[in-house]
Amino acid sequence: MRTLSPRTRALIGFAALGTFWGPLGAALPALQRRADAGDADLGVALVALAAGALLAMRATGVLMDRFGPALTPLTVAALAVSAALPGLATSPGQLSAALFVVGVTSGAVDVAINADAVREELASGRTLMNLAHAFFSGAVVVASVATGVLRWAGAEPLGVFAAAAVLVLAAAVAMRTGPIRWAPEPGGRPRMFDRVPGWLLALGALGALAFWIENAWQSWGAVYLERSLDAPPLTSSLGPALFAASMTAGRLAVHRLARPGAERQVLVIGAALAASGSAVAAFAPSVWLALAGILVAGAGCSVCAPTILSIGGRAARPQERATIVGSLATVMYVGFLVGPAAVGGIAEATTLRVSLGSVAAIGFLLTLLFGVVRFPPGAAG
């Protein structure tokens, strides 16, 4: 069997995660109906998803610094095992429980593959992070469209998620064939409850706002298009699909065009696009204008997470690089924890349009904050 290069192995890991997230976003309206869940119930379930990820992230980083990239295929296999659970949920409580388990496994995968990508960037001297995140977004595009087609053909959620589970498991098996470019670094090993540096908290808080915007459209886009604009299921699936497609294009563009040291400009422009696109989409009078806004918002959101994680990973000491990536991801994922619940809660009190309009306001605030934030020592920008 032909072995994979460390670079290819990392890219497969990102594609595997996207293969799961695509169906989750596109099939969320069907999951909501199957579980008989209201908007607030769905918000709670999405909180459970993010809470599971939060619990797993720093712990995974600590383990990655101890055992290295050999742990990554195991996390991907765990995600495959849990991937079908949302399709089995028939009540709000079951949906929350299923998404919590999925959150734990997907959070572990997220940290593992990002740690691998940062290490490979530093080992090879070649940029990888935006390209790797583009592979994630590209997989989300394909999986979202496939989910829409399957739903249009009458497939139940369980069948959709079972198919995703098989593909994710195949990726885990393939990743075990790659060589491992890693050796334990000398020095003290990081621990689960070590003090977190202030720069990480500040940078992570900005990442949390960016993730708030991203997950709002990824999780609620299809619901919004179906319910507020009367889009059919096949059309509503274009919401998360186009969002992910524009994220793919944005990340590929930054990978090819952005010069070293331009991180601040990339983040400011990205946040401004995310805010503008969100405003257009939230108050659009038609499905197609809303989709155009979602497209712009996705392009803006695309650059935030990989740029922030790359900045943090480069600033970390070698022996704690995965732990720093895991800690940074944990703080950033607070946006995943708060965002979906806030969208659901505000929608319950007002309308989904108003709730998603508040996402645009967050984007404009983020634009200003990215312009003044101080990056950590050792990071460019």
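Student: Which residue lies over the face of Phe375, and at what distance from the ring centre?

Tutor: A charge is taken to sit over a ring if NZ of Lys or CZ of Arg is within 6 Å of the ring centre and within 35 degrees of the ring normal. Here Arg264 lies over the face of Phe375, 4.7 Å from the ring centre. This is a predicted model, in which local features need pLDDT of at least 70 and side-chain atom pairs count only at pLDDT 80 or more, whereas totals for chains, interfaces and linings use all residues. Residues are numbered from 1 along each chain as its sequence is written, and side-chain values use heavy atoms, with hydrogens and water left out.

Student: How many aromatic pairs does a search of the whole structure find?

Tutor: Rings of Phe, Tyr and Trp (its six-membered ring) pair if their centres lie within 6.5 Å; planes under 30 degrees apart count as stacked, over 60 as edge-to-face and the rest as tilted. The search finds four such pairs. In one of them, Phe20 and Trp21 have ring centres 6.0 Å apart and planes at 75 degrees, so the pair is edge-to-face. In another, the ring centres of Phe20 and Phe161 are 6.3 Å apart and the planes stand at 50 degrees, so this pair is tilted. The latter pair links distant parts of the chain, 141 residues apart: Phe20 belongs to helix α1 (residues 6-26) and Phe161 to helix α7 (residues 157-175). Helices here are DSSP runs (H or I, at least four residues), numbered from the N terminus. Phe20, Trp21 and Phe161 form one aromatic cluster.

Student: Are Phe20 and Trp21 buried or exposed?

Tutor: Buried means under 20% relative accessible area, exposed over 50%, and partly exposed in between (1.4 Å probe, protein chains only). Both Phe20 and Trp21 are buried. Phe161 also counts as buried, because its relative accessibility is 0%.

Student: Which residues have the most contacts inside the largest nonpolar core?

Tutor: In soluble globular proteins, nonpolar side chains tend to be buried together. A nonpolar core is a set of buried Ala, Val, Leu, Ile, Met, Phe, Trp, Tyr and Cys residues joined through side-chain atoms within 4.5 Å. The largest has 106 residues, and those with the most contacts inside it are Phe20, Trp21, Trp217, Leu225 and Leu356. Helix α8 gives the most to this core, with 14 residues. Apart from this core lies another, of five residues, among them Met64, Ala112, Ala115 and Ala322. Contact means heavy atoms within 4.5 Å; leaving aside residues up to four places away in sequence, Phe20 touches Leu79, Ala83, Val102, Phe161 and Val168.

Student: Where does α8 bend, and by about how many degrees?

Tutor: The bend at a residue is the angle between axes fitted to the seven residues ending there and the seven starting there. Helix α8 bends by about 55 degrees at Trp220. This helix (residues 198-228) has 31 residues and reaches 42 Å from its first C-alpha to its last, close to the expected 45 Å; the expected span is 1.5 Å times one less than the number of residues. Of its 31 residues, 24 are buried.

Technical notes
Helix = DSSP H or I, 4+ residues; strand = E, 2+ residues; numbered from the N terminus.
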